[in-house]
Amino acid sequence: MRWSRYYIPTLKEAPSDAEVVSHKLLVRAGMIRKLTSGIYTWMPLGLRTLEKAKQIVRREMNAAGSIEVLLPMVQPAELWQESGRWKKYGKELLRFKDRHERDYCLGPTHEEVITDLIRGEVKSYRQLPLNLYQIQEKFRDEVRPRFGLMRGRQFLMKDAYSFDVDNESANKSYANMKQAYHNIFSSMGLDFRPVEADTGSIGGSFSHEFMVLADTGEDAIAACTGWPECSWAANVEKAPLREVPATTASCPAMEEVDTPDQHTIEELCAFFKLEASAFIKTLLFMADGKPVAVMLRGDRELNEIKLSRLLGADDIQFATPEQVKAMTGAEVGFAGPAGLKGVESIYADFELRGATDWIAGANSTGRHVAHLDLARDVELPIVWADLRNAVAGDPCPCCGRPLEIKRGIEVGHIFKLGTKYSEALHAVFLDENGKEQTMIMGCYGIGVSRVVAACIEQNYDENGIMFPPQLAPFDAHIVCLDPKNEDVAGRCDAIDAFLAARGLEALYDDRDERPGVKFKDADLIGIPVQITVGGKGLAKGVIEVKDRRTGEKGTLPADGFEEAFPAWYESVLAGWKK
C-alpha cells in the first residue's frame with residue numbers, strides 16, 4: 001500500500017484531552033479520530049489493526065467450537081424487564097422510545113437477547129451444549145468517558161454465551177473458553193494474566209478477568225511471584241487472604257491519651273511518632289439502614305466488596321457525622337472498638353487478631369486509647385473476616401509465596417452465570433426423561449477495540465507505538481528516501497513486490513517528504529520492521545533495516561536482499577516471542 005494513495009493523517013502533537021499513552025498515540029498516528037465524548041471514528045490504519053484483532057478472536061473462537069451469530073444492537077425493554085435489569089442496570093443503559101412510544105435500549109451486553117433466541121429454538125437436551133458468539137458494537141452511556149478507547153461509550157466487543165444441561169457440562173464449557181482466551185491473547189503477542197474477579201452487575205457464581213499487564217492499567221492485580229509455576233492471580237477486590245492465628249502476646253493496661261485535633265491516621269502517626277501499622281481504624285457504616293462497625297489496620301484499605309458480601313447488604317454508606325456521634329458520643333475521627341455503642345457486633349479484619357498493643361479512638365472527642373488489647377478490652381462480639389485489599393508481600397492463597405501487585409488493563413471477562421437469566425426468561429429443555437430443566441449459562445466477553453489500546457499501553461517508547469507483529473497494521477514499512485530517483489524508486493518497487501510474493505503486506509512511504517519526517521512517522525506508527533532505501537545506501541550496495549521494537553539498525557546487501565531478508569525478518573519475529 002503506497003502512502004501517497006492511502007489516508008494516514010499523522011499529527012506532531014497529541015490532543016489536549018488525551019490523558020493516557022494509547023489515546024495520544026492512536027490520535028497522533030492517524031488511527032482514530034474523536035466524533036464526540038467517548039465515540040471515535042476508526043481511520044484506515046487503525047481499522048487494519050482492529051481487523052487483525054477480530055481475525056484472531058474469530059479464529060480461536062471457531063476453533064473452540066463456538067458458532068458466530070449477529071444479534072440486534074437495539075433491544076426491546078420487555079426483555080430487560082423480564083430479566084429484572086431494566087431498573088437495576090442504571091444510567092449506563094441508554095433508553096429511548098420509538099415512534100409508537102415503545103421502550104428500547106442500545107445494547108451494552110446481550111444476555112437477554114441471546115437467552116430469548118435460545119428459549120424459542122432449543123427444546124431438547126440433544127441440542128445442547130451450545131456456544132454462540134458475536135463481534136459487535138456496544139453502547140454504554142459512561143458517566144465520564146475517558147482514556148480514549150479504554151473507556152469509551154461505543155466500543156467493539158466479542159461476546160459469547162454457552163448453554164449446558166448441567167453444572168458439570170457448564171464447567172467444561174467455562175474451561176474451554178478460558179483456554180480459548182489464553183490462545184487469543186497469546187496469539188496477539190500480549191503479556192497478560194487471567195485473574196479471579198468479582199462478577200459485578202452481570203451476576204453469576206464465579207468469573208475470571210484477563211488483564212494485559214501495563215503500568216498505566218486502571219486495575220490492581222495481586223499475582224503470585226511464583227509465575228509461571230504458580231499462575232494464581234486475582235483482582236485485589238477479589239483476592240482472598242488467609243486467616244491469622246490469635247496472638248498469645250500481652251500488653252500493658254489500656255489508657256486514654258489526649259489527642260486534640262488529631263483526626264486522621266497521618267496526623268496520629270506524626271503525633272505518636274509511630275507507623276500507621278500500629279493503629280486500628282474503626283469505620284462506621286449504615287448497611288441497609290443498620291449501623292455497622294468495621295476495624296482494620298491503619299495502613300490497610302477496606303475492601304467494600306468483601307464487606308458487602310459478608311453482610312449480605314445491598315446498600316452500604318458511610319455513617320453521617322450525626323450517626324457517628326450517636327454511635328460513639330464523639331465527633332468523626334475518634335471512633336474505636338472499646339466502649340462503642342449502637343452496634344450489635346464489630347467486624348474486624350483477620351490481620352488484627354495476630355497482634356496486640358494497638359492505638360485506637362476512645363469514642364471521646366480529642367482522645368484515643370493506647371495499649372488496646374482486642375480480646376481483653378472490647379466488650380462487643382468481634383466477627384473476624386477477610387475485609388481488606390491484598391498488598392505486596394501477602395502470602396499467595398495457592399502456594400504461600402509472596403504476592404506482588406501489578407497494574408492491569410481488563411481486556412476480557414468470563415462468567416459462569418448459572419441460571420440467573422435462563423430462569424428469569426424461562427429458557428428450558430426436556431431431559432432424557434422428558435422432564436423440564438433450566439439451562440446453565442456462561443458468558444464470555446472480549447473488548448476487541450480495547451485490546452488495541454491495551455496493546456499500545458504495553459508496547460511503546462518515546463518515539464511512538466511498537467506493534468507486535470500479530471496486531472501491526474502492516475508487516476513491513478518501506479521508507480523510500482528519494483522517490484524521484486529511478487534507481488531508488490525501482491528498488492523500492494522490487495522490495496514491495498518481493499514482500500507481497502512472500503505473503504507480507506507492506507506500507508510503502510513514497511511521499512515527497514524530507515527523510516526526517518518519514519523516519520518520525522515510521523517510528524510513530526510502529527510497524528515491526530522498517531526497510532529504508534536511499535541513493536547513498538545503494539551506492540554502497542546496502543539497504544538499511546531496523547527492528548522497531550529494539551531500535552537496532554543493520555544493513556542487508558542490495559543485490560542479495562531477497563536471500564538475506566528472510567533470516568533477518570525471522571530474527572525480529574523471534575524477539576517478540578521471548
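Let's start with cysteine 105, which counts as buried at 0% relative accessibility; buried means under 20% relative accessible area, exposed means over 50%, and partly exposed covers what is in between, using a 1.4 Å probe and protein chains only. The model is predicted, so local features need pLDDT of at least 70 and side-chain atom pairs count only at pLDDT 80 or more, while totals for chains, interfaces and linings use all residues. Residues are numbered from 1 along each chain as its sequence is written, and side-chain values use heavy atoms, with hydrogens and water left out.

**Overall picture**

- The chain has 16 helices and 31 strands; these are DSSP runs numbered from the N terminus, with helices being H or I over at least four residues and strands being E over at least two.
- Of its 578 residues, 52% count as buried.
- Taken along the principal axes, the C-alpha atoms fill a box of roughly 90 × 70 × 50 Å.
- Among contacts between residues at least 6 apart in sequence, 69% join residues at least 24 apart, where contact means heavy atoms within 4.5 Å.

**Cysteines**

- You will find zero disulfides here, a disulfide being a pair of cysteine sulfur atoms within 2.5 Å.
- For cysteine 105, the closest cysteine sulfur belongs to cysteine 443 and is 15 Å away, so the two are too far apart for a bond.
- Cysteine 398 has its closest cysteine sulfur in cysteine 230, and at 4.2 Å this too is too far for a bond.
- Cysteine 398 is exposed, at a relative accessible area of 55%.

**Nonpolar cores**

- The largest nonpolar core has 58 residues, and Ile184, Phe185 and Met188 have the most contacts inside it. Such a core is a set of buried Ala, Val, Leu, Ile, Met, Phe, Trp, Tyr and Cys residues joined through side-chain atoms within 4.5 Å.
- Helix 12 (residues 448-458) gives this core its largest share, seven residues.
- Apart from this core lies another, of 26 residues, including Trp80, Val113, Leu417 and Phe429.
- Back at phenylalanine 185, leaving aside neighbours within four places in sequence, the contacts are Leu190, Phe192, Phe210, Val411, Gly412, Ile446 and Val451.

**Helix 1 against helix 12**

- Helix 1 (residues 21-28) packs on helix 12 at an angle of about 105 degrees, with the axes 8 Å apart. Axes are lines fitted to C-alpha atoms, for helices over the stretch in contact, and angles run from 0 to 180 degrees between N-to-C directions.
- Helix 1 is therefore roughly perpendicular to helix 12; that label covers 65 to 115 degrees, with under 35 roughly parallel, over 145 roughly antiparallel and the rest oblique.
- Helix 1 brings Val21, Ser22, Leu25 and Leu26 to the contact, and helix 12 brings Val452, Ala453, Ile456 and Glu457.
- Six of the contact residues are nonpolar, one is polar and one is charged, where Ala, Val, Leu, Ile, Met, Phe, Trp, Tyr, Cys and Pro are nonpolar, Asp, Glu, Lys and Arg are charged, and the others, Gly among them, are polar.

**Two alanines**

- Alanine 234 lies in strand 12 (residues 233-235) and counts as buried at 0% relative accessibility.
- Not counting residues up to four places away in sequence, alanine 234 touches Val195, Glu196, Ile221, Ala222 and Ala239.
- From alanine 234 to valine 411 there are 177 residues in sequence and 15 Å in space, C-alpha to C-alpha.
- Alanine 500 lies in helix 13 (residues 486-501) and is partly exposed, with a relative accessible area of 49%.
- Alanine 500 and glutamine 154 are 346 residues apart in sequence and 35 Å apart, C-alpha to C-alpha.

**Backbone spots to look at**

- The peptide bond from leucine 128 to proline 129 is cis, with omega near 5 degrees; proline 129 sits in the loop between helix 5 (111-121) and strand 7 (130-139).
- Glutamate 101, a residue other than glycine, has a positive phi near 65 degrees. Its place is the loop between strand 5 (95-97) and strand 6 (103-106), and glutamate 101 is exposed, at 55% relative accessible area.
- Asparagine 363 also has a positive phi, near 55 degrees. This asparagine lies in strand 18 (residues 358-364) and counts as buried at 10% relative accessibility.
- Within helix 14 (residues 515-525), the buried residues are Lys518, Asp521, Ala522, Asp523, Leu524 and Ile525.
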